[in-house]
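Here is a short briefing on aromatic contacts and helix packing. Keep the 3D view open as you read.

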Amino acid sequence: YKRQDKLVNFFSSIHPLDRVPRAGWVLRGVPDPESVAAHSHFTALLVMLFVDRYPDHWDREKALTMALIHDLPEAFLMDIPMPVSDSLLGDSKKRAELTLTESLFHGFSFRYADLFQELYEKKSGEARLVAGLDKAQMMLKLLGYMKANWGNLDEFWENGANFRDYGIPEVGALFDEICRKAGKKRPITFQT
């Protein structure tokens, strides 16, 4: 019963993710924007397709696990938009998310919290892939919102941080294609 209790408690804790809207879209007037859960699902699908396309490049299980867990702390912290979290919260947000992830997975395998930290620190090819595809998913979603003429979204094309490929050429090529489809020029990106 103890293991089942942990599972029930885990899913009870992350339950809000399907109702937490992605704040960047809300702030720019997108009606009914994707939820954090939808974003995580689409990011995991991107990772799955990339790993299938380049099977010798990345560890499938590791990359998919990172994609699936990358936004779980937002069930508690909500979705804090990148400009605010980067400039005002910095390491405080990172520490809070690491602590929340450790707490969420307490009693499960310690590897989940370790993988979350590895993703944050971009320590591996898998971490850099997931970080880049996390950004790419946002830009793919932007294409859909632009097509529907939802929101004031031009600034997304001007922010080089939205196009970080973390040194993964295949992710960079995806960004180039996204920009081509949108008829936009990819801004200069400073890799961090």
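Which residues in H7 meet which residues in H8? This is a predicted model. From H7, the residues are Lys93, Lys94, Glu97, Leu98, Thr101 and Glu102. They meet Tyr112, Ala113, Phe116, Gln117 and Tyr120 in H8.

**Helix packing**
- Helix H7 spans residues 91-104, and helix H8 spans residues 111-121.
- Their axes lie 9 Å apart, and the packing angle is about 160°.
- Angles over 145 degrees count as roughly antiparallel, so H7 is roughly antiparallel to H8.
- The crossing of H7 past H8 is right-handed.

**Aromatic pairs**
- The model has 13 aromatic pairs.
- One of them joins Trp25 and Tyr145 in an edge-to-face arrangement.
- The ring centres of Trp25 and Tyr145 are 4.9 Å apart, with 80° between the planes.
- Trp25 sits in helix H2 (residues 23-27) and Tyr145 in helix H9 (residues 125-147), so this pair ties together parts that are 120 residues apart in sequence.
- Trp25 has a relative accessible area of 2%, so it is buried.
- Tyr145 is also buried, at 5% relative accessibility.

**Aromatic cluster**
- Phe10, Phe11, Phe105, Phe108 and Tyr112 make up one aromatic cluster.
- Tyr112 in H8 also takes part in the meeting of H7 and H8.

**Charge over a ring**
- Arg53 places its charged end over the ring of Tyr54.
- The distance from that charged end to the centre of the Tyr54 ring is 5.3 Å.

Conventions
Residues numbered from 1 in each chain as written. Predicted model: local features only at pLDDT ≥ 70, side-chain atom pairs only at ≥ 80, totals over all residues. Heavy atoms only, no water. Phe/Tyr/Trp six-rings, centres within 6.5 Å; stacked < 30°, edge-to-face > 60°. Helix = DSSP H or I, 4+ residues; strand = E, 2+ residues; numbered from the N terminus. Buried < 20%, exposed > 50% of the residue type's maximum accessible area, 1.4 Å probe, protein only. Lys NZ or Arg CZ within 6 Å of the ring centre and 35° of its normal. Axes fitted to C-alpha atoms, helices over the stretch in contact; angles between N-to-C directions. Parallel < 35°, antiparallel > 145°, perpendicular 65-115°, else oblique. Left-handed = near helix turned anticlockwise from the far one by under 90°. Contact = heavy atoms within 4.5 Å.
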